[in-house]
Amino acid sequence: MVLNNLNYPLDFKFKISTLASDFNITDKNGNYVAYVRQKMFKLKEDVIVFNDESKSKELFRIRANQWIDFNASYSLNDIVDNKNYGRLARKGMRSIWKASYDILDSKDQPKFKIQEDSAWVRVWDSFVGELPIIGMFTGYFLNPSYTVTGIDGKAYFKLKKMPSFFGRRFQLDRMIDIDDEEESLVILSLLMMTLLERARG
């Protein structure tokens, strides 16, 4: 299946009542799009995308291609239609300073890039986050954003961390219409990237 006819912006809202990294995705009208759950205590990261919080139907599965590692890549699979969309690949050492990922299609051809817009937001967040009391509120004023660009150099999507106490809200907006299958490839990649980047702080 493909994720289509989506009403942007989409909101990613993490639950704070569970130990696992779970979040709901809703559209601009508050309608459910999906429920994302990262399996706990896995040596290889394993993420399931369900139709909603009832978890009655699996839609997609995202799995790391190796043991947890800085250069792991993540396979993006459609459970319903039993197909692979492609994979998300983290850009190794460059991600220490500024998050950077490649999105590749099912033929392993580069299609898009995800890049953090400002490295300084991460630097200040890490620094201020260590300060007593003040560090608790960094989620309100130090919020990174990420841009998805195509191999044509155009910006297609923008993901922003929204002000919140626990850094639990992200918002995704589409800037240019694209093919439904490519849109699904990008959104699945952004789901995984959000989990990875939120875990980094």
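Trainee: Leaving aside neighbours within four places in sequence, which residues is aspartate 27 in contact with?
Mentor: Aspartate 27 is in contact with Asn7, Pro9, Leu10 and Val33, where contact means heavy atoms within 4.5 Å. Before we go on: this is a predicted model, where local features need pLDDT of at least 70 and side-chain atom pairs count only at pLDDT 80 or more, while totals for chains, interfaces and linings use all residues. Residues are numbered from 1 along each chain as its sequence is written, and side-chain values use heavy atoms, with hydrogens and water left out.

Trainee: Where is aspartate 27 found?
Mentor: In the loop between strand S2 (22-26) and strand S3 (32-38). Strands (E, at least two residues) and helices (H or I, at least four) are DSSP runs, numbered from the N terminus.

Trainee: Is aspartate 27 buried or exposed?
Mentor: Aspartate 27 is buried, and buried means under 20% relative accessible area, exposed over 50%, partly exposed in between (1.4 Å probe, protein chains only).

Trainee: Then which backbone nitrogen lies 2.9 Å from a polar atom of the aspartate 27 side chain?
Mentor: That of asparagine 29. The backbone nitrogen of asparagine 31 also lies 2.8 Å from a polar atom of the aspartate 27 side chain.

Trainee: Switching topic: how many salt bridges does the structure hold?
Mentor: It holds 13. One of them joins aspartate 11 and arginine 169, with the closest N and O atoms 3.4 Å apart. That pair links distant parts of the chain, 158 residues apart: aspartate 11 is in strand S1 (residues 10-14) and arginine 169 in strand S12 (residues 169-174).

Trainee: And how do those two count for burial, buried or partly exposed?
Mentor: Aspartate 11 counts as buried because its relative accessibility is 18%. Arginine 169, at 26%, counts as partly exposed.

Trainee: What does arginine 87 meet in a salt bridge?
Mentor: Aspartate 108, at 2.7 Å, N to O. Arginine 87 lies in strand S7 (residues 83-90) and aspartate 108 in the loop between strand S8 (100-105) and strand S9 (110-116), so the pair ties together parts that are 21 residues apart in sequence.

Trainee: What about lysine 111?
Mentor: The side chain of lysine 111 meets glutamate 182 in a salt bridge, 3.0 Å from N to O. Glutamate 182 is in helix H4 (residues 180-200) and lysine 111 in strand S9, 71 residues apart. Also, salt bridges that share partners join Asp46, Glu58, Arg61 and Arg63 into one network.

Trainee: Zooming out, what is the mean pLDDT of the chain?
Mentor: The mean is 81, and 73% of the residues reach 70 or more; pLDDT is the predictor's confidence in each residue, from 0 to 100.

Trainee: And where is confidence lowest?
Mentor: In helix H3 (residues 138-141), at a mean of 47, while strand S10 (residues 145-150) is highest at 95. Over residues 127-141 the pLDDT is below 50.

Trainee: Last one: how many helices and strands are in the chain?
Mentor: There are 4 helices and 12 strands. Of the 201 residues in the chain, 47% are buried.

How values were computed. Lys and Arg count as positive and Asp and Glu as negative; His and the chain ends are not counted. A salt bridge is a side-chain nitrogen of Lys or Arg within 4 Å of a carboxyl oxygen of Asp or Glu. A polar contact is a pair of N or O atoms within 3.5 Å; within protein, one must be able to donate a hydrogen and the other to accept it, and residues adjacent in sequence count only if both atoms are side-chain atoms.
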